[in-house]
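Here is a short report on one protein chain. Look over the sequence and the structure first, then read on.

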Amino acid sequence: MDKLVTPDPGLMFWTIVTFLALVALLKRFAWGPLLSAIEEREVHLKAQAAAAKEARDEAERIKNEVAAALAESRAGRQEVLDRAAKDGEALLAKFRTAAEDETRKLREKTAAELGREKDRLVGELRREVADLSVLAAEKLLRRSVDPGVEKAVLDDFFKDISKGGRRQ
């Protein structure tokens, strides 16, 4: 056991030489490629980080553009809806006015037709009354009336009736 703890100068020398040779070999053949691989990996990671940042910025820009387009679309949609509502109200008012005009014209036309029909019926009634009056007068007088006299009497009778007066 003492032999393991006691320093041996020869063993120490060869251990140091072996260690230095190993360091030289590692430096010559392993550390250079290892360090270059690490540097290459670091450059690659930095490039990926830059690409990721660029992609994130691009995504943010696209997101902002989409939000702006969406807001513009909503504003356009609202404008179209407002315009459609105004057009609908205008169209409703136009149809309402047209319907009221049509109703007024129909009412006036109906009133005119009723007036004409009333005048026609009044005329027929007057003729009937006149005929009946003539018949009654003929029966009372028991004689025939000359058609020329009858026409003159009837014309006079109608004039009096149209003036609103009474025949005497």
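## Charges

The protein chain carries 32 positive and 31 negative charges, and their mean positions are 5 Å apart. The model is predicted.

## Overall shape

The protein chain has 3 helices and 0 strands. Along the sequence the pattern reads α-α-α. The radius of gyration is 62 Å, well over the 15 Å that the globule rule gives for 168 residues, so the chain is more spread out than a compact globule. Along its principal axes, the C-alpha trace spans about 185 × 30 × 20 Å.

## Surface

How much of the protein chain is buried? Buried residues are 3% of the 168. The accessible surface is about 15200 Å². Carbon and sulfur atoms account for 63% of that surface.

## Salt bridges

Side chains of opposite charge can pair when their charged atoms come close. The structure holds 9 salt bridges.

One of them joins E58 and R61, at 2.1 Å from N to O. Both residues lie in helix α2, which covers residues 9-141. They sit 3 residues apart, about one turn of the helix. E58 is partly exposed at 35% relative accessible area, and R61 is partly exposed at 38%. A network of salt bridges links E58, R61 and E65.

Helix α2 holds other pairs too, including R83 with E79. Their salt bridge is 3.3 Å, N to O. These two are 4 residues apart, about one helical turn. E117 and R120 also form a salt bridge, with their closest N and O atoms 2.2 Å apart. E117 and R120 are 3 residues apart in helix α2.

Notes: Residues numbered from 1 in each chain as written. Predicted model: local features only at pLDDT ≥ 70, side-chain atom pairs only at ≥ 80, totals over all residues. Heavy atoms only, no water. Rg over C-alpha atoms; globule rule 2.2 N^0.38 Å. Buried < 20%, exposed > 50% of the residue type's maximum accessible area, 1.4 Å probe, protein only. Areas by Shrake-Rupley, 256 points an atom, 1.4 Å probe, with all protein chains shown as cover. Lys, Arg positive; Asp, Glu negative; His and termini not counted. Charge placed at Lys NZ, Arg CZ, Asp CG, Glu CD. Salt bridge = Lys/Arg side-chain N within 4 Å of Asp/Glu carboxyl O.
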